[in-house]
Amino acid sequence: MKSFIKISLVAALLFNAVGSYASEGDLSFKLKRVNEKSVTFFINETQPTEVFIYDAADVLIYNQKINALKGSTKTFNFDSLPDGNYSFKLNTDSKSVEYKIELKDGQALVSNPLVEELFKPVFRKVNDIITLNFENAPAGPVEIEILDRHNDAIYNKVFEADASFVKKFDVGRVGRNELTFIIRSANQVFTKTVQM
């Protein structure tokens, strides 16, 4: 009977670990293992990724940009952090994954990942024409704001994005040497600065 209970516990832990791995979708980082106060990720695709660690008060305590190679691993060690609750976030161009990490008695307890699709319009500049393609826009309003280099708004409009749409801007007549495009949608913000 004890052997059956042990086997059941190991099987439950294995299924939980596999479920965590599978639920991360096509992110470039996959949770590989947790060992005491360190967490190791397997990199299955080379792409820029930004890492954020927040404390329980949602204060950023660590930030790093990573461009790790496909097939490698990356380990984050939390030995220097005191016991408590933390948020560990990995952002790529199209997705964000967040883990809740509890450090307690020399161990890191890691939650299942929360994966969020990030909204990023296709941005293209040809001569003085800037094209924003919202083919993957989430449902609901999309706000486009354009600021000059002094953060003065030169354009602001809200569009209902029930379907994909394309917006073109002729910036040659604006007379500014730098413009910042801010696109807000579904509690997300995309920012791109363009040199003219």
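Q: How much space lies in the largest pocket?
A: About 510 Å³. The model is predicted: local features need pLDDT of at least 70 and side-chain atom pairs pLDDT 80 or more, while totals for chains, interfaces and linings use all residues. Residues are numbered from 1 along each chain as its sequence is written, and side-chain values use heavy atoms, with hydrogens and water left out.

Q: What makes a space a pocket, and how is its volume defined?
A: On a 1 Å grid over the protein atoms alone, a pocket is an open set of points with protein on both sides within 12 Å along at least five of seven lines, whereas in a cavity a 1.4 Å probe fits but cannot get out. Grid points are joined across faces, edges and corners, and the volume is the space filled by probe spheres set on the points.

Q: Which residues that line the largest pocket are the closest to its centre?
A: Asn91, Thr92, Asp93, Leu118 and Val189, out of 19 lining residues; a lining residue has an atom within 4 Å of a point.

Q: Which strand gives the largest share of this lining?
A: β16 does, with four residues. β3 (49-54), β4 (60-66) and β16 (188-195) each supply at least two. A strand here is a DSSP run of E, at least two residues, numbered from the N terminus.

Q: Why is Ser38 called buried?
A: Buried means under 20% relative accessible area, exposed over 50%, and partly exposed in between (1.4 Å probe, protein chains only). Ser38 has 12%, so Ser38 counts as buried. Ser38 lies in strand β2 (residues 38-43) and touches Arg33, Thr75, Phe76 and Asn77, leaving aside residues up to four places away in sequence; contact means heavy atoms within 4.5 Å.

Q: Why is Asp58 called exposed?
A: Its relative accessible area is 54%, which is over 50%, so Asp58 is exposed. Asp58 sits in the loop between β3 and β4 and has a positive phi of about 65 degrees although it is not a glycine.

Q: How do you know whether Glu145 is buried or exposed?
A: Glu145 has a relative accessible area of 14%, under 20%, and is therefore buried. Glu145 is in strand β12 (residues 141-148).

Q: What makes the link between the side chains of Glu145 and Arg184 a polar contact?
A: A polar contact is a pair of N or O atoms within 3.5 Å; within protein, one must be able to donate a hydrogen and the other to accept it, and residues adjacent in sequence count only if both atoms are side-chain atoms. The pair is at 3.0 Å, so the distance falls within the cut-off.
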